[in-house]
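Hi everyone, thanks for coming. I'd like to walk you through the inside of one protein, and then through its pockets.

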Amino acid sequence: MLIDRFEPFFETLSSTSLAPWVPALRVPSAARLRQDAHGDLSDWLAALDALPPIAPSRIRLDCDCVTVGDPLPENRQALLRAHLDRLHPWRKGPFCVHGVEIDAEWRSDRKWQRLVRGGVMLQDRLVLDVGCGNGYYGYRALGAGARLVLGIDPTLRFVLQFLAIDHFLRDPRLAVLPLADVDLPPQLSGFDLVLSMGVLYHRREPSAHLRLLRELLHPDGQLLLETLVLDEPGSRILRPAGRYAKMRNLYAIPTVTVLRQWLAEAGFARARVIDVTRTAVDEQRATPWMRFQSLADFLDPDDPTRTVEGHPAPCRAMLLAERG
Ligand SMILES: C[S@@+](CC[C@H](N)C(=O)[O-])C[C@H]1O[C@@H](n2cnc3c(N)ncnc32)[C@H](O)[C@@H]1O
């Protein structure tokens, strides 16, 4: 069963103060991974099963491209590329797997560098990455010394992408489980660091998301929050009536002032802004690994400071806050 692939991680989790989480995470994850859970699952599973059995060799988690293995001969690389491509679109990366370079839609290494430059402590920490995509940042956190990273993401395709990378990397300190924030067992807490990046604007009730994240933290824990903001002073909140940058499920884009207020209302203390960056078209772009439209198609061709709908173009802030 697919859930069995997570047993090495559950064993690692059992050896930490987070051990009580194990059954409460395993049961809902197993249900999500049932064969009938998603129409494409059997095709993705076939892609996973077709991956060649290669023992993990050279691993680099501390460089921009998460790298595993020495390059295979070109013909074997072509086959591996084809299997990994069955999990298209790859949104987060880059990865390099036995010479196959997965140039994902997002240069996620840039977001990671902003987090590191902001002074976020990772050494020996128990990390939860909510809405983690395929686990790219989890690998980077391990590369920066984290003790363990639990990633959760309700999008099954991204979980399968994680399993494809994990097939080669096999690091029992990281898992991406098919769960949403609200699926996490209540009353359990204890993470040193919770990452919520690119999730808040997808939540209908941002304040509820922040309150939930606070509950998950150890009393000394920290939240790293990254979300779309309006890069202007004051207390405005954009609530797009239709789409925003062609995205349908986007509920609220606040100014940084409002974001600080939401964090304080949720109980967080000492929130500090560690980065504000306008998203560039060479950070989010179409590639052979993500062949749909991307940021350049979402901006007004006559005024790239606006989206095609006339809203301010994407700008993201990162804030680091104490549980308080
Ligand atoms: C814009 S992506 C951000 C991915 C990554 N954290 C990053 O910053 O690059 C948003 C992710 O959140 C996930 N997501 C959506 N709703 C969620 C929820 N309620 N709980 C956890 N993750 C969620 C999506 O599946 C998607 O992978």
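What we're looking at is a predicted model, where local features need pLDDT of at least 70, side-chain atom pairs count only at pLDDT 80 or more, and totals for chains, interfaces and linings use all residues. Residues are numbered from 1 along each chain as its sequence is written, and side-chain values use heavy atoms, with hydrogens and water left out.

So, which residues does Phe6 touch? Leaving out residues up to four places away in sequence, Phe6 touches Leu33, Val159, Phe162, Leu163, Ala175, Val176 and Leu177.

Phe6 also belongs to the largest nonpolar core, where Phe6, Leu210 and Leu224 have the most contacts inside it. That core has 95 residues. By a nonpolar core I mean a set of buried Ala, Val, Leu, Ile, Met, Phe, Trp, Tyr and Cys residues joined through side-chain atoms within 4.5 Å. Buried is under 20% relative accessible area, exposed is over 50%, and partly exposed is in between, using a 1.4 Å probe and protein chains only. Helix α7, residues 156-169, brings the largest share of this core, nine residues. Helices here are DSSP runs of H or I with at least four residues, strands are E runs of at least two, and both are numbered from the N terminus.

Now look at helix α3, residues 41-49. Its buried residues are Leu41, Trp44, Leu45, Ala47 and Leu48. They sit on the same side of α3, because they cover an arc of only 155 degrees around the axis; the arc is that of the directions from the helix axis to the C-beta atoms. These buried residues pack against α4 (74-85) and α7.

On to pockets. On a 1 Å grid over the protein atoms alone, a pocket is an open set of points with protein on both sides within 12 Å along at least five of seven lines, and lining residues have an atom within 4 Å of a point. Of the 39 residues lining the largest pocket, Arg91, Phe158, His202, Met247 and Asn249 are the closest to its centre. Both α7 and α10 (295-298) supply at least two residues each to that lining.

And which helix gives the most to the lining of the second largest pocket? α7 again, with four residues. The second largest pocket is lined by 13 residues, and nearest its centre are Arg5, Pro8, Asp166, His167 and Arg170.

Conventions: Contact means heavy atoms within 4.5 Å. On a 1 Å grid over the protein atoms alone, a cavity is a set of points where a 1.4 Å probe fits but cannot get out, and a pocket is an open set with protein on both sides within 12 Å along at least five of seven lines; lining residues have an atom within 4 Å of a point.
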